[in-house]
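Please read the following report alongside the sequence and the coordinates.

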Amino acid sequence: MAERAFHVARLPGFATTAIIVFVALYLPIFTLVAYSFNASTSLAVWGGFSLDWYAKAWDNQQVKDATIRSLIIASFAAAISTTVATMAALGTTRRRAFKGQTLIYVAINQPLMVPEIVTAVALMIVFGLIKVWLTSIGMGGLTTGLGYLILAHSAFCIPFAYLPIRARLEGMDLTLETAAADLYASPWQTFRRVTLPLLAPGMIAGAMLAFVISLDDVVITEFVKSGGQDTLPTYMLGQMRRQLTPEINAVSTMLLGLTVVLLTAFFLLTRKKT
Amino acid sequence: MTEAVTIEARNAVKAFGQGDHAVRALDDVSIQIRKGEFFTLLGPSGCGKTTLLRLIAGFEMPTSGAILLDGADITELPPNKRPVNTVFQSYALFPHLSVAENVGFGLTMQGRPKAEVDRRVAEMLALVKLETMAGRKTSQLSGGQQQRVALARALAPQPKVLLLDEPLSALDLKLRKEMQVELKRLQTETGITFIFVTHDQEEALTMSDRIGVMSAGKLQQVGSPKDIYTRPVNRFVASFIGETNFMNATVVPGGVKLGTGDVIEVPTTRPGAVTVTVRPEQVRLVAAGEAGAIAASVKFLVYFGTDTHCHLELADGTEVVARLQSPANGEAGIESGQSVGLRFAPGAAQVLED
Amino acid sequence: MSAAEERIVRQSTRNAWLLSLPALIVLIAAASGPLLIVLVYSFLTPGQHGNVVWEFSTGGWVGILWSQDIFTQEWVLADAHLTIFWRSLWLSLLTTVFTFVVGFPTAWFIATRPLKERALWLFLITIPFWTNLLIRTYAINEVLRKEGLMNTVLMGTGITDTPIEVLYTQTAIFIGMTYVYLPLMVLPLFAAIDRFDMRLLEAGYDLYASRMQVLRRVILPIVKPGIIAGSILVFVPSLGAYVTPRVLGGGKQMMIGNFIELQFLQGKNWPLGAALSMLLLVIVMAALLVYVRYANKGSSTHG
C-alpha cells in the first residue's frame, strides 16, 4: 500500500526525462573518450584498444607547442586576473554603497554579457592597430610575443576569478579583522596576517576557474592570435576542417581530463568553507 | 447533538524509514471524530499528531490501517480528491496570487463557475473580516491577516472536515487569544468539523469539544476537556495537561495508603502499588495536627500574583505543591519552614490507570 | 553628516576605486574599450583588401539589410543576409524552448533529490558546463556523423537501412546548441526550484488541483524568474554562437557569428562586420535589460 503513496513533489515523466538528459549529456563525451583508444585510423570502426593516438599526439610537435602555449597563457591570465580581481573584490565588498559601484560591477561582468564573437572582432581590430603603430615606431619585434593573448585572456577571466573571491569575502567574519586591529595589528599586518589567509581558498578557487576558462577559449584566441600562435583549442578547431583522426580525440581527452581534475579540486575547495 | 462519525482512523500505523531503522510515527491509532465537533489532537512535538493529520489530508499514506470519511474508505484517495481542507502551519499562501485569488483557488480548481467563485470569495472574506484586502498580495499582509486568508481559503470550498495544523503557533500571545475566539466563532457559524492540532494544552482546553492526547505515536486518552483534566488516565496525560502532584501509594480496603501511612478514600479497581494524582488547586492547607490531615512542612513559596504556589514536603519525603490564593494586603500568609496539615478536596485524588 | 564622517565616506569611496583600478584598466584595454573602436569602424568605408579607409560612411549599417547591385547600382533587400538573421533567430528560439522543455524536468528532478544526493547530481550538470565548448561540439559531431553513434544505433536496430545525414544541417546546429547550452538553462531553473516552498504543492493538492493544474497554476508562475534567467542565458550565447554552427553547420549553415567572421577574415567588408557586431550587441543588451527590469520588478512585488 505504501508503494502507491501520493508524492506531492512527483510530476509525471519528469524523472524519466531527467535520466534521459543525463545519459544524453554524457554519452557523446564517453564516445569521444572511447574512440581516443581506438586502434583503427578511422573514426568509424572500432579496431581494438590502443594508446597509439596518445603516442602520436605526444610526438606531434604542433600539439606540443600548442599545449605549452595554452598552459603559459592560462597561467599568466589566471595570475593576472586573480590579482586584479582580488583587489577589486576588496574594493567593492564590505563597505557602504558608493558612487560608481554599479559601474564597476558592470565593467567587471561585461565579458560575461558581450557575445564572444563581438569581443573577438573588437580585439582583433585593436591589436591590428597596435601592431601597425608598434611597427611604425620600429618596435615590430614586440608584436610576435604572447602579450596580446595574455592581456585578452586576463580580461575575460576577471569575472570568473572575481565571483568566488567576492563570495568568500562576503562570507567572512568582519569581527576577526576588528579583533586583529584591537590586538595592535596595523592595517597592513591585519591584511597580511588575517584577511589574506582567510581569503586564500577563494583566491585559489578563482584562479582555477580563470585557468580553466582561459584554457578552453576558442573564439577570442582564434581572432587575436598571429600566425603560428595556435593554442590547443584553436589547433583542434583547425584540425576539424581537415581529415579527422582519433588523434583529436586523444588531445580532447587529455584536455577534458585536466579540466575535470581542476573542477573537482575547485568544488572540494569551495565546499570546505560551508 | 448527532453522534454521526465523520472521520475515522482504524489501526493506523505510519512507519518512516526501512527495516531496523524504521520509526513508528503513528503506532496503531484508532479514533472516531464526530460530525460538527471541534476536535483537538494534543501532544508534544514528535508525538504523531501532525502525521495523523497528514494521513487524513492525504499527504501521507498509512503503512497499514485505514482512514474513513463518512464510512467510506479514503485511504488511497489523493488529497485533491478529498473533501478535506487544511490550514497549514506556515499558511502556505500562494505568493503569486492576490488574497481573493488565494481564497478562490480551491473553487476554481473544482471548476465552479466564475460568478459562484466571486460570490463565495466575497462571503469568505466577509467572514474573516478582510473585505478590504481582496486585491492585496499576501506578502503585504500581517501574520494575523495571513492566518485569516489561510482560513478563508480552506473554508471556501465548504469541506466536510477542516484540518488545522498548529495554525496559531506563529502568532504573538495577544493575537493568538483573539484568533482562538475567532476560530471557535467560525466553527460554530459554519458547522464544519474542525480537527485542530496543537501542543498548547491551554489552547486545547479552551477551544475543544473533545481532545485526543497523543504521545509516542499512540493515542493516550480521548475525552472532553473536563474529562481529560479531571480524570487523566495516566501519568503522561496528567502531567502534560496542567500541573499536578504524584504520590506513590498501595491499595488498601476502602482507599489507598500513602507512603506516610495516611489512608485516603479513592475509588479504584486496581490492586497493589499505584500512583495517586491531585491537582495543586485541589490541595487545602489546614492547621498542623488537625484530625485526618496529612502532616507536611512548607519548603518554600513562589509568588504568582493572584496565586501563590506552596511547595510542601510530606513525612516520607514526597513533594506536593498547593496552589493557594495569595493573602490579601496586610494579611499574614504561610511562611517557609512552617508545619501544616493538608487535605484534598472531595473526589480530587485520582488513581492513575497505569 | 559631520565633517569627519564625510571624510571617512570620501576616503572609502576613493579606496574602492583605487583597488578596482587595475581590474578596470585591464577590462578597458581588452574588453570595453575595443567595443568603442568597433562602433567607430562601423561608420567607416571598407578598404580595398579588407580593413578600412578613414572616411565616414553609413554603408556598413545600410549593408545589414540592403546590398547594391554591381551592375545597376540599385539598392535591393539582401535576401542572403535575411536568411542568416532568420536562421540565427529561429535556431536560438528553438534552442531556448527545447532546453526549457527538457531542462525543467531535469532541474525539478535534481531539486527534489534527497539533500545528500543533490550535490552529486548538480555536479554532474556542472561538469559539462565548464568543459570545453569545442570538445562538446566535437563530441556531438562524432555522434551525428554518417558513421557515428546515432547512425550505428539506428541501422543496427533496423530503424533505417541507410544512414541519416544530419551533420551540416540546421538540425545538427540545433542539436549541438541544445547540447552545449542545456546546463545554462538547468542551473538557474534549479536555483529557482530550490527556493520554491514545496509546502505550496500540498496546499495546491489540498485545494483540489490536479498535477497539471499544480504545475501550471502554482509551480510555473512562482519559478518564472528562473525561467526568464535560464531563457536569456541560453538565448544570448545561441544568438552569438560561432563555434557550434562552424563545426556542425560545416560553413553552409551560417549564423550571425559566422557571418561577422566572414566580413573580417575573408577581408570583405569590415564596416559591415563592425555594424553587425554592434547590432548583435544591442540585441543582447536589450535582452539583458528586459531581464534586469523583470528581475527587479519580481523581487519588489513578490517580497
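## Interface of chains B and C

In this predicted model, about 2100 Å² of area is buried between chain C and chain B, and carbon and sulfur atoms give 62% of that area. Of the area that chain C buries against chain B, 37% is supplied by C:Asp206, C:Leu207 and C:Tyr208, which is more than any other three residues supply. Counted by residues, the contact draws 26 from chain B and 18 from chain C.

The rule for salt bridges finds one across the interface of chain C and chain B. A salt bridge joins the side chains of B:Arg54 and C:Glu202, with a distance of 2.5 Å from N to O.

## A hairpin in chain C

Strand β1 (residues 44-46) and strand β2 (residues 52-56) of chain C are paired in the antiparallel sense, and three bridges connect them. Within this pairing, C:Leu44 is placed opposite C:Phe56, a residue of β2(C). The hairpin has five residues between the strands β1(C) and β2(C), and in it C:Gly50 adopts a positive phi near 75 degrees.

## Aromatic pairs and a cluster

Over all chains, the structure holds 26 aromatic pairs. For A:Trp188 and A:Phe191, the ring centres are 5.7 Å apart and the planes stand at 35 degrees, so this pair is classed as tilted; an angle under 30 degrees would have counted as stacked, and one over 60 as edge-to-face. Both residues belong to helix α8 (residues 187-216) of chain A, where A:Trp188 and A:Phe191 are three residues apart and therefore separated by about one helical turn.

What is the relative accessibility of A:Trp188? The value is 58%, so A:Trp188 counts as exposed, whereas A:Phe191, with a relative accessible area of 21%, is partly exposed. The latter value can be set against the cut-off, because buried means under 20%.

One aromatic cluster brings together residues of chains A and C, being formed by A:Phe14 with C:Phe100, C:Phe104, C:Trp108 and C:Phe196.

## Charges over rings

In chain A, A:Lys56 lies over the face of A:Trp53, at a distance of 4.7 Å from the ring centre. In chain B, the ring of B:Phe246 has the charged end of B:Arg235 sitting over it, 4.1 Å from the centre of the ring.

Key: Residues are numbered from 1 along each chain as its sequence is written. Chains are lettered from A and ligands numbered from 1 in the order in which they are written. This is a predicted model: local features need pLDDT of at least 70, side-chain atom pairs count only at pLDDT 80 or more; totals for chains, interfaces and linings use all residues. Side-chain values use heavy atoms; hydrogens and water are left out. Rings of Phe, Tyr and Trp (its six-membered ring) pair if their centres lie within 6.5 Å; planes under 30 degrees apart count as stacked, over 60 as edge-to-face and the rest as tilted. Helices (H or I, at least four residues) and strands (E, at least two) are DSSP runs, numbered from the N terminus. Buried means under 20% relative accessible area, exposed over 50%, partly exposed in between (1.4 Å probe, protein chains only). A charge sits over a ring if NZ of Lys or CZ of Arg is within 6 Å of the ring centre and within 35 degrees of the ring normal. Two strands pair if DSSP finds at least two bridges between them. Contact means heavy atoms within 4.5 Å. Buried area is the accessible area (1.4 Å probe) that two parts lose on being put together, summed over both. A salt bridge is a side-chain nitrogen of Lys or Arg within 4 Å of a carboxyl oxygen of Asp or Glu.
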